[in-house]
Amino acid sequence: VFGLVMAALFYSVVTFRAKGPGEDGPPIKGTGLVPRVWLVTTSTLAVVVMIYPGLTGLAELRRDRTYDLEVNVTGFRWAWVAQYPEGFSAQELVLPVDQRVKFNITAPAGDVLHSFWVPAFRLKIDAVPGQVTNLYITPTELGDGATDAAYRVQCAELCGLYHARMAMPVRVVEVEEYEAWVAEKAGQ
């Protein structure tokens, strides 16, 4: 697409430029078949992409409300905290592979709007002060934020001075490793 746009731009500059000082190039009239076909084609493509996979994929993601693990995540200036069902909090998000996770995401009242985004999961949702939003994810691949930058919680909403530093590492581990980590953290 970029190449086609650049070729059309270059062609237009060369063909329709002014021939001398004070002289305009020939007028361009867009009433022919080509502009109409272009409009219909691009409009059709846009509508198709909005419906499938856009709206159908979104409906599929929101349909399943079951989960194996529930994690509360709070975003505040300028950090994230994950609170696990066993009663402890961590500044690292550790998740078991192939288990559906429900995230309850919020920000403290009086804070600014944040956005919970893990690039590896390709989903994000806002952390609205004083409200709880939910996001359901099933991590299907092992990953570690120490070796792959896509495994991190990143604020995707410009939230102030240290917005770029508002990240939290994510690890997706085997179930046994997750249970050992929970036991260690809960025992502290």
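**The sheet and the loops**

Modeller: S2 and S3 run antiparallel, and two bridges join them. Two bridges are enough here: strands pair if DSSP finds at least two bridges between them. Helices (H or I, at least four residues) and strands (E, at least two) are DSSP runs, numbered from the N terminus.

A word on the source. This is a predicted model, where local features need pLDDT of at least 70 and side-chain atom pairs count only at pLDDT 80 or more, while totals for chains, interfaces and linings use all residues. Residues are numbered from 1 along each chain as its sequence is written, and side-chain values use heavy atoms, with hydrogens and water left out.

Now the whole sheet. It is open and has five strands, in the order S3-S2-S1-S5-S8, with mixed pairing. Its edge strands are S3 (89–90) and S8, each pairing on one side only.

Threonine 133 sits in S8, which covers residues 133–137. Is it buried or exposed? Threonine 133 has 16% relative accessibility, so it counts as buried. The cut-offs are under 20% relative accessible area for buried, over 50% for exposed, and partly exposed in between (1.4 Å probe, protein chains only). What does threonine 133 touch? Beyond neighbours within four places in sequence, its contacts (heavy atoms within 4.5 Å) are Phe103, Asn104, Ile105, Ile125 and Asp126. With aspartate 126 there is more detail: the threonine 133 side chain reaches the backbone oxygen of aspartate 126 at 2.8 Å.

Next, the loops. Tryptophan 78 lies between strand S1 (69–76) and strand S2 (79–83). Another cis bond runs from tyrosine 52 to proline 53, with omega near 15 degrees. Proline 53 belongs to helix H2 (residues 33–63).

Two loop residues have positive phi. Aspartate 98 lies between strand S4 (93–96) and strand S5 (101–106). Its phi is near 60 degrees, a positive value in a residue other than glycine. At 52% relative accessibility, aspartate 98 counts as exposed. Arginine 122 lies between strand S6 (114–118) and strand S7 (123–127). Phi of arginine 122 is near 60 degrees, and positive, again in a residue other than glycine. Arginine 122 has 68% relative accessibility, so it counts as exposed.

Definitions and conventions:
Polar contact = N/O pair within 3.5 Å; in protein donor to acceptor, adjacent residues only side chain to side chain.
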